[in-house]
Amino acid sequence: MKTQEGETFSFSKLEPKVRLLEFMYIDCPDLCPNTTFQMQNIRDQLVKKNIFGSKVEFLTITFNPEKDSAEKIDAYANTFEVNKTDGWEILRGSPEDTKKLTDQFDFLFRDSGTGEFVHTTATYLLDVENRVVKVFGMGEFDFDKEAVYKAILKEVD
């Protein structure tokens, strides 16, 4: 996969850190941008605790790489200030590599025929060994920002 800066990203070479992983697509009308916005707020809290980037990272991965171009990803990253600090990557891979990754998380998605996707509404908390330790919802009502923040802190300690 490639980062929003165009650098190669390898899951096999990750340092041990707690990670919050979100799958999304840029043209999503509600759940995806709302979840990313809430992650932005959590990131800001973790920065204040001096653990974001060093002990905690966020990964946002598009599951629509054919339409989510590098330019669209760059605009999305700017909207949510992803590059404000180190420790948050937006990733884009080939459709085949993306499908392999979403399958590992049992994350399902399909085009509804309108250009909008029907997709699993899950965000994943990974421990330092990249094992899923908790699954949260997505969107305004199902992504509990406080619960996610507390779960991240519990994994860091």
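Me: Why are H1 and H5 described as oblique to each other?

Reply: Two packed helices are described by the angle between their axes and by the distance between those axes. In this predicted model, helix H1 (residues 31-48) packs against helix H5 (residues 145-156) at an angle of about 40°, and their axes are 10 Å apart. Angles under 35 degrees count as roughly parallel and 65 to 115 as roughly perpendicular; H1 and H5 are therefore oblique to each other. Their crossing is right-handed.

Me: Which residues of H1 and H5 make the contact?

Reply: H1 contributes Gln38, Asn41, Ile42, Gln45 and Leu46, while H5 contributes Lys145, Glu146, Val148, Tyr149, Ile152 and Leu153. By class, this contact of H1 with H5 has 6 nonpolar, 3 polar and 2 charged residues.

Me: In what order do the 5 strands of the open sheet lie?

Reply: The order is S3-S2-S1-S6-S7, and the pairing is mixed. S3 and strand S7 (132-136) are the edge strands, each pairing on one side only. On average, neighbouring strands of this sheet are turned by 20° against each other, direction ignored.

Me: In what sense do strands S2 and S3 pair?

Reply: Strand S2 (residues 56-62) pairs with strand S3 (residues 88-91) in the parallel sense, over 4 bridges. Isoleucine 61, for example, has leucine 91 in S3 as its bridge partner.

Me: Which helix forms a β-α-β unit with S2 and S3?

Reply: Helix H2 (residues 70-79) does, and the β-α-β unit that S2, H2 and S3 make is right-handed.

Note on methods:
Residues numbered from 1 in each chain as written. Predicted model: local features only at pLDDT ≥ 70, side-chain atom pairs only at ≥ 80, totals over all residues. Heavy atoms only, no water. Pairing = 2+ DSSP bridges. Helix = DSSP H or I, 4+ residues; strand = E, 2+ residues; numbered from the N terminus. Right-handed = clockwise from strand over helix to strand, strands pointing away. Axes fitted to C-alpha atoms, helices over the stretch in contact; angles between N-to-C directions. Parallel < 35°, antiparallel > 145°, perpendicular 65-115°, else oblique. Left-handed = near helix turned anticlockwise from the far one by under 90°. Contact = heavy atoms within 4.5 Å. Nonpolar A, V, L, I, M, F, W, Y, C, P; charged D, E, K, R; others polar.
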